[in-house]
Amino acid sequence: MSNETVSFTEMKNGTREDYELLERLEKPYLALTADRILAELERHGESTLEGYRITRLEHGLQSATRALRDGADTDWVVGALLHDIGDGLAPQNHDRFSAEVMRPFVRWEVSWVVEHHGIFQMLYYGHHYGWDRNARDRFKDHPCFNVCADFCERWDQASFDPEYASEPLDRFEPLVREVFGRKAYDVAVVREGEVTGLPPLA
């Protein structure tokens, strides 16, 4: 931790020098984003998902392994790995929380799918609670509708199998580091409005 500090106690009183100092001191912290993501994933492996037969980490690993084996690119594999990363702090809106974690660093379609996968997943269980299992239909005209439906069908809802042979977390670590090492909100990465979809099934 640096001994250097700003001069202000209220942000509105900060000087250019103060904010240049903060920008410089923040760079090492930003560079450790991937480490914090990986540590959070490891915490997801410490306990079984309530009522399920696998841990939160194993669910992410299964989803990412399925994406990898389907020939998905780095953004989709990391999106599958991290789609539930928000469960620990935001269980009631984990999908949106998870999307915000990755939004600055992945394609727009990936963060959109992660943000909305919760409502799309209701197709499989909503009716058991008396909910509208087709609530996702409010997005039927969105260009990512079919992509999100495919993501849930192929990689998310199918990944609760204790017998599935997932790749270990260290297989995905280089991909996580690649993604979170990118320049945040790079238009060449985010590609707002562009939809490429999931890789076709073999």
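Author: Ala, Val, Leu, Ile, Met, Phe, Trp, Tyr, Cys and Pro count as nonpolar, Asp, Glu, Lys and Arg as charged, and the others, Gly among them, as polar. The structure is a predicted model, with residues numbered from 1 along each chain as its sequence is written. Local features need pLDDT of at least 70, side-chain atom pairs count only at pLDDT 80 or more, totals for chains, interfaces and linings use all residues, and side-chain values use heavy atoms, leaving out hydrogens and water.

Reader: How does the lining of the largest pocket divide by class?

Author: By the classes above, 10 residues of this lining are nonpolar, nine are polar and eight are charged. The pocket has a volume of about 880 Å³, and of its 27 lining residues Pro91, His94, Gly118, Gln121 and Tyr125 are the closest to its centre.

Reader: What makes a space a pocket, and what makes it a cavity?

Author: On a 1 Å grid over the protein atoms alone, a pocket is an open set of points with protein on both sides within 12 Å along at least five of seven lines, a cavity is a set where a 1.4 Å probe fits but cannot get out, and lining residues have an atom within 4 Å of a point.

Reader: Which helices supply the lining of the largest pocket?

Author: Helices α3, α5 (94–102) and α6 (108–125) each supply at least two residues. The most come from α6, with nine residues.

Reader: What is known of the second largest pocket?

Author: The second largest pocket has a volume of about 410 Å³. Leu30, Thr33, Arg36, Phe105 and Phe180 are the closest to its centre among 17 lining residues. Two or more residues come from each of α1 (16–31), α2 and α5, and α2 gives the most, with six. By class, this lining holds 10 nonpolar, three polar and four charged residues.

Reader: How many cavities of 30 Å³ or more does the structure hold?

Author: The structure holds one. The largest cavity contains about 70 Å³ of space. Its lining includes Leu41, His44, Arg56, Gly60 and Asp84, and α2 (33–44) and α3 (56–69) are the elements that give two or more residues. Helix α3 gives the most, with four residues. Five of the lining residues are nonpolar, three polar and three charged.

Reader: Why is Cys152 called buried?

Author: Buried means under 20% relative accessible area (1.4 Å probe, protein chains only), exposed means over 50%, and partly exposed lies in between. Cys152 has a relative accessible area of 1%, and is therefore buried. Cys152 belongs to helix α7.

Reader: What does Cys152 touch?

Author: Leaving aside residues up to four places away in sequence, Cys152 touches His117, Phe120, Gln121, Tyr124, Gln157 and Ala158, where contact means heavy atoms within 4.5 Å. Between the C-alpha atoms of Cys152 and Val113 there are 9.0 Å, although the two are 39 residues apart along the chain.

Reader: How do α4 and α7 pack?

Author: Helix α4 (residues 74–82) and helix α7 (residues 145–156) pack at an angle of about 65°, and their axes are 12 Å apart. Trp76, Gly79 and Ala80 of α4 meet Val147, Phe151 and Trp155 of α7. This contact has five nonpolar residues, one polar and no charged residues.

Notes. Axes are lines fitted to C-alpha atoms, for helices over the stretch in contact, and angles run from 0 to 180 degrees between N-to-C directions. Grid points are joined across faces, edges and corners, and a volume is the space filled by probe spheres set on the points.
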